[in-house]
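I opened this entry to keep track of what I looked up.

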Amino acid sequence: MRAMSAAVARRTAVAAQGFADRPASTPATRRSVLRVLDRTQLLQIDSVSAVVRAHYAPIFSRIGSYDRSLIDDAAWQNTSRKPRRLVEYWAHEAALIPVEDWPLMRWRMTRYIGGRWGGAQRVLDRNPTLAGDVLDVIADAGPCSAGDVERHLDIERPDRKGPWWDRSDTKMICEQLFAVGGLSVDKRVGFTRHYELTERVLPPEIVARQVNESDAVRELVLRSARALGIATEPDLRDYYRLHRSQTEPAIADLIDEGVLEPVTVTGWKHQAYLFSDARTPRQIAGSALLCPFDPLVFFRPRTERIFDFHFRIEIYTPEHKRVHGYYVFPFLLDGELVGRVDLRADRAASRLTVPGAFAEPGRVSAYVVTELAAALRALADWLELDDIVIGNRGDLAAPLAREFRNDVKLSS
């Protein structure tokens, strides 16, 4: 069995996610944005907007400044009248995935028939006809938010008041119909889902395609392997939130087909699998600020194993107990995670605030500071924020402020 060093494995993983590609010299297009999806396979969606919505950030981290409407148009708005290329579903949590991957989730939709979460079945039981009524409203009215559906039901069924048409129940039914594939998301308005009949969102050949669970899981593991480059079974399992009982047979099949190669990696406790088309550059140059939900770092055990970087989201941690901050972006430099910054976009004041900036042990250097300052400036420019305000938390805060000099306002 081939042996690999931890450094080689790290470069392989970083390259698989698109960070070794040479940046394009021309403005980003729909094609270049979708090319990132060829690398990551999915974009996680999250409601936090402290800096920018999570599904936008990984594209910027890989190709630099681009028009966010390119994603909106590919997934939701469709103002260009080009075919829809992305669709929402439960992949790695809520995510945008390529339209052609939607049938690979049918087995999951089947499992959700009894309710995606515990409370869903109780809602279905106490509202036995609500799902049919929701589908009827959307069939007649077109794309609707849960609130729109409720208003339609109140108008059409004025005798139905109280708990029967409680908005939370209506929302839960909409989400349940989305989970089982009866509804999809046609558009988002202010991040609110507007549901539509799936057959009016996706092409008929996609809706009609049937894939059994074992074949679908094998394809999902294949996509995970391509996105990760080198991975353990838990890594491959987590990417699409699969179960070990599913991934182990799929991995065995992919080994037999020569798609995966078992290898050992120095310092890794679990067996590793190398994707057949993965490449390992001799070096990786460049920097990127990574959203907490970026596919390179969203599986924390993998992040710690590959980068020796302990990373936790502290959004729900009481402020006085936070170590690094509310919404922290790891800083990738030349293929390694060398620091992290707590970030906030103050859109009203047109400024990017940096309450805290922290280096990994032994990583405080002029080079790290200069590259981080440039990355922050690029992020602020992309978000159309005029100023960058540096706080005083962390060992990189003071040198960052000095690096910016007159270009930055130092907060009190």
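My notes go from the domains to a sheet and then to single residues.

**Domains**

I noted at the start that this is a predicted model. I looked up the domain assignment next. It gives the chain a domain 1 made of 2–102 + 209–275. Domain 2 covers 115–158 + 165–201, and domain 3 runs over 312–411.

How far apart are the centres of domain 1 and domain 2? I found 29 Å between them, taken over C-alpha atoms.

**Where domain 1 meets domain 2**

I checked the contacts here. On the domain 1 side 14 residues take part, and they touch 14 residues of domain 2. The two domains bury about 1200 Å² between them. Of that area, 56% is on carbon and sulfur atoms.

I then turned to charge. There are 3 salt bridges between domain 1 and domain 2. I also looked at the salt bridge between arginine 188 and glutamate 88. Their closest N and O atoms are 2.8 Å apart.

Which element gives the largest share of the domain 1 side? Strand 3, residues 86–91, gives 4 residues. By class, I listed 8 nonpolar, 2 polar and 4 charged residues on that side.

**The sheet around strand 3**

I followed strand 3 into its sheet. The sheet is open, has 3 strands in the order 2-4-3, and pairs them antiparallel. Strand 2 (43–44) and strand 3 are the edge strands, each pairing on one side only.

How many bridges join strand 3 to strand 4? I counted 6, with strand 4 at residues 93–98 and the two strands antiparallel. I also picked out one facing pair: alanine 91 stands opposite glutamate 93 in strand 4. As a reminder to myself, strands of a sheet pair through backbone hydrogen bonds.

**Arginine 53**

I looked next at the loop between strand 2 and helix 3 (57–63), where arginine 53 lies. Beyond its neighbours within four places in sequence, arginine 53 is in contact with Asp46, Ser47, Val48 and Phe191.

**Leucine 70**

I found leucine 70 in helix 4, residues 69–75. What does leucine 70 touch, leaving aside its neighbours within four places in sequence? I noted Ala28, Thr29, Arg30 and Val33. Valine 33 is 37 residues away in sequence, and its C-alpha is 7.4 Å from that of leucine 70.

**Salt bridges**

I took one of them for a closer look. Arginine 39 pairs with aspartate 21, and their closest N and O atoms are 2.7 Å apart.

Why does this pair tie together separate parts of the chain? Arginine 39 lies in helix 2 (residues 30–40), while aspartate 21 lies in the loop between helix 1 (6–16) and helix 2, so the pair joins parts that are 18 residues apart in sequence.

Conventions: Residues numbered from 1 in each chain as written. Predicted model: local features only at pLDDT ≥ 70, side-chain atom pairs only at ≥ 80, totals over all residues. Heavy atoms only, no water. Domains from an automatic or database assignment. Contact = heavy atoms within 4.5 Å. Buried area = accessible area lost by both parts, 1.4 Å probe. Salt bridge = Lys/Arg side-chain N within 4 Å of Asp/Glu carboxyl O. Nonpolar A, V, L, I, M, F, W, Y, C, P; charged D, E, K, R; others polar. Pairing = 2+ DSSP bridges.
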